[in-house]
Amino acid sequence: MKLAKRVSSLTPSTTLAITAKAKELKAKGYDVIGLGAGEPDFNTPQHIIDAALKAMNEGHTKYTPSGGLATLKAEIVKKFQHDQQLQYEPSEIIVCVGAKHALYTLFQVLLDEGDEVIIPTPYWVSYPEQVKLAGGVPVYVEGLEENHFKITPDQLKAAITERTKAVIINSPSNPTGMIYTEDELRALGDICLAHDILIVSDEIYEKLVYGDNKHVSIAQLSPQLKAQTIIINGVSKSHSMTGWRIGYAAGNKDIIRAMTDLASHSTSNPTSIAQYAAIAAYSGPQEPVEQMRQAFEERLNIIYEKLIQIPGFTCVKPQGAFYLFPNARQAAMMAGYESVDAFVEALLDEAKVALVPGSGFGAPDNVRLSYATSLDVLEKAIERMKLFMEQKR
Ligand code: PLP
């Protein structure tokens with residue numbers, strides 16, 4: 001059967017591909033260490049699980065409104081008010097099947113054939129594919145490593161054409177862990193306002209911020225910027241709820257209404273029980289969120305120091321999320337590989353350590369290591385990488 005043109009250029013998620021290969025090796029009995037994970041390794045906090053069980057027992061197992069339960073939207077409104085002093089109406093919020101689905105739905109309602117979306121590199125793997133699936137054209141702007149992988153106002157300006165519809169800002173970033181400062185966001189925001197470009201602000205890693213760094217939403221900086229921004233967020237990373245699939249978008253109510261109409265014909269609604277769990281996530285104690293953040297920060301500080309000791313690896317220290325994104329070009333060359341992709345493959349085959357090649361994120365000199373795994377495992381992985389380099393040189 002000939003498939004639609006729409007999917008012919010679709011590239012499967014690199015993150016999932018490497019995880020699949022690591023799993024395959026594990027199934028064959030190899031002791032593989034996977035550092036590809038894109039999800040917290042903690043259990044969902046118990047009170048959230050209990051809320052879902054209660055919802056089931058009380059019969060909340062039916063369709064809900066397409067855009068999400070009113071009670072959940074009310075909790076999200078409160079969360080924005082509490083965390084970011086942002087006021088949204090429930091009509092400005094849609095609950096989706098994860099932040100990924102919120103982004104997918106957004107691009108579907110936003111883009112006409114040929115509309116351009118500016119995507120800073122390194123990018124989260126799904127942005128370009130989602131833009132293309134909606135008929136849009138990804139326009140890449142290189143966040144240079146020397147600028148901590150962040151794009152500058154001049155770079156943004158230079159990428160704008162009359163077809164530019166939106167720009168994606170992902171801070172803290174997957175895969176780099178970098179965070180845009182308030183001043184940097186203001187400078188980028190001014191350009192978006194001047195050219196009437198929608199800002200898609202993916203804030204899914206908002207709660208995972210380390211050291212003196214601070215997460216600021218571009219929507220907080222002025223009423224004009226709030227009106228120009230769609231915030232994407234969710235409970236996956238903050239509350240360790242990746243499998244529950246609850247994310248949301250907040251912003252212009254006409255866009256949100258169109259997204260809700262589209263969702264009514266695609267998913268009908270996010271899972272009812274998961275929505276009750278998300279209500280508990282936001283209305284219940286937030287200590288587990290902070291405990292997980294602290295655990296990630298401790299791991300980052302330990303593992304970062306060890307990583308940069310490995311010959312050939314250099315790394316800008318991440319400020320948030322749970323990834324390290326070192327440059328491994330030198331390491332690949334020292335070990336006799338022409339590309340970082342080949343180096344990553346050899347690391348998996350020979351040292352049994354699974355990293356994700358940066359090529360999938362638009363940064364072919366880098367690799368992504370997730371530290372969403374225990375310190376013991378991380379330290380073992382670093383040891384294996386070190387040994388691999390010693391053996392190859
Ligand atoms: N945005 C970024 C940058 C991500 O890394 C992820 C998940 O890996 C998502 C969005 C999607 O999260 P969700 O699980 O809510 O779909």
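Is Ala331 buried or exposed, and how many other C-beta atoms lie within 10 Å? I looked this up first. Ala331 is buried, because 24 other C-beta atoms are within 10 Å. My cut-offs: buried takes 20 or more other C-beta atoms within 10 Å of the residue's own, exposed 12 or fewer, partly exposed in between, with C-beta atoms placed from the backbone.

Notes on the source. This is a predicted model; local features need pLDDT of at least 70, side-chain atom pairs count only at pLDDT 80 or more, and totals for chains, interfaces and linings use all residues. Residues are numbered from 1 along each chain as its sequence is written.

**Ala331**

I placed Ala331 in helix α13 (residues 329-334). Helices are DSSP runs of H or I with at least four residues, strands are runs of E with at least two, and both are numbered from the N terminus. Next I listed contacts (C-beta atoms, placed from the backbone, within 7 Å). Leaving out neighbours within four places in sequence, Ala331 touches Ile310, Pro311, Gly312, Phe313, Phe343 and Met389. Met389 is 58 residues away along the chain, yet its C-alpha atom is 7.6 Å from that of Ala331.

**Helix α3**

I checked the length of α3 (residues 46-57). Its 12 residues reach 16 Å from first C-alpha to last, close to the expected 16 Å. That expectation is 1.5 Å times one less than the number of residues. Ile48, Ala51 and Ala52 are buried in α3. Down the axis, the buried residues of α3 fall within an arc of 100°, so they line one face of the helix. The arc is taken over directions from the helix axis to the C-beta atoms. Exposed Gln46, Leu53 and Asn57 sit on the face turned away from the buried side. The cover over the buried residues includes α11 (272-283). Just after α3, Gly59 has a positive phi of about 85°.

**Strands**

I turned to β2 (residues 93-96). Ile93 and Val95 are buried on one side, Ile94 and Cys96 on the other, so both faces are covered. β2 runs antiparallel to β8 (residues 247-250), joined by 4 bridges. Ile93 is opposite Ala250.

I also traced an open sheet of 3 strands, ordered β9-β12-β11 with antiparallel pairing. Pairing needs at least two DSSP bridges. β9 (323-324) and β11 (356-357) are the edge strands, each pairing on one side only. Pro357 has Val367 of β12 as its bridge partner.

**Ligand**

Last, I looked at the ligand shell. Of its 13 residues, Gly98, Ala99, Lys100, Asn174 and Ser236 come nearest. A residue is near if its C-beta atom, placed from the backbone, lies within 6 Å.

Definitions and conventions: Two residues are in contact if their C-beta atoms, placed from the backbone, lie within 7 Å.
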